[in-house]
Amino acid sequence: MTTYGLLLFEGVEELDFVGPWEVFTVSSVLRGGADTSVLIAERDEPVRCNKGMRVLPDHTVDDHPPLDVLLVPGGSGTRREVSNPALVGWITKTAAATAWVTGVCTGALLLHEAGPARGRRVATHHAFQEALQARGDITVVRDARYVVDGNLVTSQGVSAGIDMALWLVGRLHGRDHARAVRRAIQYEPAPPYLADEPLPG
């Protein structure tokens with residue numbers, strides 16, 4: 001069983017978490033309901049996303065189940081949340097206890113502030129590559145939809161999170177499974193997502 005925790009905050013970019021959510025939940029369906037995906041926010045109240053969608057979290061940062069995978073999305077709210085010590089501290093603590101830490105878009109800013117992205121290779125939205133690099137102690141990879149560095153997997157913006165999530169379910173449950181998920185959600189990027197390539201050793 002894999003438990004995925006997807007962080008929410010005011011101003012989160014919708015597809016940054018909804019895309020991976022689709023991948024993770026369809027993966028679970030194809031595995032007979034073996035996995036769990038939960039939405040986690042600082043408070044137990046609806047979160048207004050970047051484009052106006054309102055989402056109700058399943059848990060708060062104080063009452064969620066143990067996680068195997070942490071996903072930190074991006075969006076305009078990341079620029080505010082990097083100065084939120086409670087949320088940054090939660091990311092630091094939670095990332096240390098999970099098998100995989102993932103980020104989409106400017107979620108990499110939060111992962112840098114919280115520590116998991118420091119000294120690592122990361123991807124982020126093209127409009128924020130310079131700003132992230134300027135923070136120091138990080139290497140921004142500019143020509144990859146997603147980047148794997150140890151147990152940290154980060155992606156470029158918005159739709160790139162789907163590619164990253166497919167790679168992760170391929171890593172966890174096999175490439176054939178990832179292809180089945182891709183087929184189920186009718187995601188046919190060109191060129192195909194890189195989970196069709198050999199996994200690193």
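The model is a predicted one, in which local features need pLDDT of at least 70 and side-chain atom pairs count only at pLDDT 80 or more, while totals for chains, interfaces and linings use all residues. Residues are numbered from 1 along each chain as its sequence is written, and side-chain values use heavy atoms, with hydrogens and water left out.

Let me start with the fold. The chain holds seven helices and 11 strands, taken as DSSP runs numbered from the N terminus (helices H or I, at least four residues; strands E, at least two). Its radius of gyration is 15 Å, close to the 17 Å of the globule rule for 201 residues, so the chain is as compact as a globular protein of that length. That radius is taken over C-alpha atoms, and the rule is 2.2 Å times the number of residues to the power 0.38. The C-alpha trace spans about 40 × 35 × 30 Å along its principal axes.

Of the 201 residues, 53% count as buried, that is, under 20% relative accessible area with a 1.4 Å probe, protein chains only. Among contacts (heavy atoms within 4.5 Å) between residues at least 6 apart in sequence, 63% join residues at least 24 apart.

Finally, the cysteines. How many disulfides does a search of the whole structure find? The search finds zero, a disulfide being a pair of cysteine sulfur atoms within 2.5 Å. The sulfur of C49 has its closest cysteine sulfur in C105, 13 Å away, which is too far for a bond. C49 is buried at 5% relative accessibility, and C105 is buried at 7%.

Conventions. Buried < 20%, exposed > 50% of the residue type's maximum accessible area, 1.4 Å probe, protein only.
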